[in-house]
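Visitor: I have a protein model to look at for class. Could you take me through it?
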Amino acid sequence: MQSAEEMQETEQAQDMHEQFTQFLLDCQALRFGSFTLKSGRISPYFINAGAFNTGDRIARLGAFYAQRIVEAQREGVLPERIDTIFGPAYKGIPLAVATAIALQRDFGMPVGYTFDRKERKDHGDGGMMVGTPLTDNMNVLMVDDVMTAGTAVREVVPKLRAEANIHLAGLVLSVDRGERAGDSELSAVASVEQEFGFPVLAITDVRHIFAAGKQLLDADGQPYVSEAIDQAAHEYLARYGA
């Protein structure tokens, strides 16, 4: 039986899943329906990170990332000291900046931010990185939006390790799609964790999103997730889910 404290933590986590889903819907970053993905899969939902296109939206998104990070620190999953937040160019850049601001503003945690250039710069400050310089023994926490196959992580990790003898503390995503990585039975998240040895966390995951979508109501007073979409989600996850 759960203690009162454990039950409160569970309720808070459930609230966060629903709050974040509502936030995604309010920003029109999350849509339910039928969408053809880059992979060719027909998905019952679509997440558009480009929808976080105002100061208010990116600030609120950063606050969700910061909250998830602090929760993971309290759970002992992430280290207490994080030296810089790394966001891969281009979508990860505003995520890293907004998360660093929120950690300082909301939790009094001073932390830098860093992002990579697409090409090495040979003039001015030079190099591949912008922001807080990477040095030996730094705890670097990566942030990104969603993960489908883990390709972006595999491209950026060697870049980070080439800069200095850093410690990769983990990766925080907005949404864990919960899908298998290629022919593997593991999810993309589990595959990256196994390959690199650091935790991959998410603010929420696709199953919580659909559960929240059945409870949340649109402007017409109807659930965002209809019975038809819910059925499509079950079929999609049965086929592609880990």
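Visitor: How far apart are the mean positions of the positive and negative charges of the protein chain?
Guide: In this predicted model, the protein chain has 22 positive and 34 negative charges, and their mean positions are 7 Å apart.

Visitor: What share of the residues is buried?
Guide: Of the 242 residues in the protein chain, 48% are buried.

Visitor: How many helices and strands are there?
Guide: The protein chain contains seven helices and nine strands. Its radius of gyration is 18 Å, close to the 18 Å given by the globule rule for 242 residues, so the chain is as compact as a globular protein of that length.

Visitor: Let us turn to one residue. Where is Thr 99 found?
Guide: Thr 99 belongs to helix H3, which covers residues 92-107.

Visitor: Is Thr 99 buried or exposed?
Guide: Thr 99 has a relative accessible area of 0%; buried means under 20%, so Thr 99 counts as buried.

Visitor: Which residues does it touch, leaving out those up to four places away in sequence?
Guide: With those left out, Thr 99 touches Gly 62, Tyr 65, Ala 66, Ile 69, Ile 85 and Val 143.

Visitor: What lies 2.7 Å from a polar atom of the Thr 99 side chain?
Guide: That is the backbone oxygen of Leu 95.

Visitor: How far is Thr 99 from Val 77, between C-alpha atoms?
Guide: Their C-alpha atoms are separated by 18 Å, and the two residues are 22 residues apart along the chain.

Terms used: Residues are numbered from 1 along each chain as its sequence is written. This is a predicted model: local features need pLDDT of at least 70, side-chain atom pairs count only at pLDDT 80 or more; totals for chains, interfaces and linings use all residues. Side-chain values use heavy atoms; hydrogens and water are left out. Helices (H or I, at least four residues) and strands (E, at least two) are DSSP runs, numbered from the N terminus. The radius of gyration is taken over C-alpha atoms; the globule rule is 2.2 Å times the number of residues to the power 0.38. Buried means under 20% relative accessible area, exposed over 50%, partly exposed in between (1.4 Å probe, protein chains only). Lys and Arg count as positive and Asp and Glu as negative; His and the chain ends are not counted. The place of a charge is taken as NZ of Lys, CZ of Arg, CG of Asp or CD of Glu. Contact means heavy atoms within 4.5 Å. A polar contact is a pair of N or O atoms within 3.5 Å; within protein, one must be able to donate a hydrogen and the other to accept it, and residues adjacent in sequence count only if both atoms are side-chain atoms.
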